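Please review the model shown below together with its sequence.

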Amino acid sequence: MKIKKGDTVLVIAGKDKGKTGKVISVNPKDSSVKISGINIGKKHIKPKGAKSGGGITEVIMPLAISKVMFMCKHCQKPARVGYNFTTSGDKERICKVCKSSI
């Protein structure tokens with residue numbers, strides 16, 4: 001997957017289209033990501049004894065990786081991610097718009 005934890009992404013589809021946020025977690029098995037402040041859902045919690053009362057809480061729901069686009073921190077534009085090999089043989093991610101290293 002080309003999007004990693006900690007990247008800033010732009011949502012390009014869905015109810016939160018146009019919003020940006022930081023990636024909290026990535027699930028390559030399901031091809032989904034969780035983004036802070038994006039795709040908030042409500043979860044009904046059943047009461048567990050006298051101490052914790054039930055209720056409705058807000059949780060961050062996963063979003064399909066195809067609905068987000070990487071935001072380059074150098075050119076401040078949504079961009080695709082590519083790979084390049086350095087002279088020492090290390091693989092690095094690059095922005096396809098400004099060709100800078102991520």
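The points below concern a predicted model, taken by topic.

The chain has 10 strands and 0 helices, and the order of elements along the sequence reads β-β-β-β-β-β-β-β-β-β. Its radius of gyration is 18 Å, well over the 13 Å that the globule rule gives for 102 residues, so the chain is more spread out than a compact globule. Two serines, S88 and S100, are then described: S88 counts as exposed, whereas S100 counts as buried.

**Overall dimensions and packing**

- The C-alpha trace of the chain spans about 65 × 30 × 20 Å along its principal axes.
- Of the 102 residues in the chain, 25% count as buried.
- When contacts between residues at least 6 apart in sequence are considered, 37% of them join residues at least 24 apart.

**Surface and charge**

- The accessible surface of the chain amounts to about 7000 Å², and carbon and sulfur atoms account for 53% of that surface.
- The chain carries 22 positive and 6 negative charges, and the mean positions of these two sets lie 5 Å apart.

- S88 lies in the loop that runs between β9 (81-85) and β10 (91-95).
- The relative accessibility of S88 is 57%; because exposed means over 50%, S88 falls in that class.
- The side chain of S88 forms a polar contact of 3.1 Å with the side chain of T86.
- A polar contact of 3.3 Å also links the side chain of S88 to the side chain of D90.
- K34 stands 54 residues from S88 along the chain, and the C-alpha atoms of S88 and K34 are separated by 34 Å.

- S100 belongs to the segment after β10.
- The relative accessibility of S100 is 17%; because buried means under 20%, S100 falls in that class.
- Leaving aside residues up to four places away in sequence, S100 touches C72, H74, R93, I94 and C95.

**The two serines in summary**

- S88 is in the loop between β9 and β10, while S100 is in the segment after β10.
- The side chain of S88 has polar contacts with the side chains of T86 and D90, and the residues touched by S100 include C72 and C95.

Technical notes:
Residues numbered from 1 in each chain as written. Predicted model: local features only at pLDDT ≥ 70, side-chain atom pairs only at ≥ 80, totals over all residues. Heavy atoms only, no water. Helix = DSSP H or I, 4+ residues; strand = E, 2+ residues; numbered from the N terminus. Buried < 20%, exposed > 50% of the residue type's maximum accessible area, 1.4 Å probe, protein only. Polar contact = N/O pair within 3.5 Å; in protein donor to acceptor, adjacent residues only side chain to side chain. Rg over C-alpha atoms; globule rule 2.2 N^0.38 Å. Contact = heavy atoms within 4.5 Å. Areas by Shrake-Rupley, 256 points an atom, 1.4 Å probe, with all protein chains shown as cover. Lys, Arg positive; Asp, Glu negative; His and termini not counted. Charge placed at Lys NZ, Arg CZ, Asp CG, Glu CD.
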